[in-house]
Amino acid sequence: MKPALTEQILTILAEIPPGRVTTYGRIAAMTEGATPRMVARALRELPSGHELPWFRVITASRRLADHGGADEQRRRLIDEGVAFDARGRVAKERLWP
DNA sequence: TGTCTGACTAAAC
DNA sequence: CGTTTAGCCAGAC
């Protein structure tokens, strides 16, 4: 039987390479039926202490989603070498896959 | 069961 | 490029 959507989402999340990013919609499309909102929910529900790269998930317009951890997210991406342009967008070459 | 909400998106201006 | 709008669908109440 197919794994729960949440499990599929987290499995995909764990495969995003360092220095690369992907979008809510792309992750959703890789699962068997999840929607971008479900991906967002899955990230929000992540327990603290996990080691999944939640900060490598951005919006379809390649900006950071609006949430409380956006500042930390931007910092961690920059630490990995992901740059933001003057309008706060990530270069599309950084998209994974 | 009905209504509201949200770490989203695509389309229309 | 920005703002708005409708669609989306699983949780919380």
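What share of the contacts in chain A between residues at least 6 apart in sequence join residues at least 24 apart? The share is 62%, where contact means heavy atoms within 4.5 Å. The model is predicted, with local features requiring pLDDT of at least 70 and side-chain atom pairs pLDDT 80 or more, while totals for chains, interfaces and linings use all residues. Residues are numbered from 1 along each chain as its sequence is written, chains are lettered from A and ligands numbered from 1 in the order in which they are written, and side-chain values use heavy atoms, without hydrogens and water.

Chain A contains four helices and two strands. Along the principal axes, the C-alpha atoms fill a box of roughly 45 × 25 × 20 Å.

The accessible surface of chain A is about 6100 Å². Carbon and sulfur atoms hold 51% of this surface. Areas come from the Shrake-Rupley method with a 1.4 Å probe; for residues, only the protein chains shown count as cover. Of the 97 residues in chain A, 35% are buried. Buried means under 20% relative accessible area, exposed over 50%, and partly exposed in between (1.4 Å probe, protein chains only).

The largest nonpolar core comprises 23 residues. Such a core is a set of buried Ala, Val, Leu, Ile, Met, Phe, Trp, Tyr and Cys residues joined through side-chain atoms within 4.5 Å. V21, L43 and V57 have the most contacts inside the core. Two or more core residues come from each of α1 (5-14), α2 (24-30), α3 (36-44) and β2 (57-58). Beyond four places in sequence, V21 touches I16, R56, I58, L77, V82, V90, R94, L95 and W96.

T22 lies in strand β1 (residues 22-23). Its relative accessibility is 0%, so T22 counts as buried. With neighbours within four places set aside, T22 contacts I16, I27, M30, R56, V57, I58, L95 and W96.

In α3, the buried residues are V39, A42 and L43. They fall within an arc of 95° seen down the axis of α3, so they line one face of the helix. The arc is that of the directions from the helix axis to the C-beta atoms. An α-helix has 3.6 residues a turn, so residues three or four places apart point the same way. R37 and R44 are exposed on the other side of α3. The cover over the buried residues of α3 includes α1, α2 and β2.

One aromatic pair is present in the structure. W54 and F55 form this pair edge-to-face, at 5.8 Å centre to centre and 85° between the planes. Rings of Phe, Tyr and Trp (its six-membered ring) pair if their centres lie within 6.5 Å; planes under 30 degrees apart are stacked, over 60 edge-to-face and the rest tilted. W54 and F55 are both buried.

A91 belongs to the segment after α4 (70-79). At 37% relative accessibility, A91 is partly exposed. Beyond four places in sequence, A91 touches R62 and A83.
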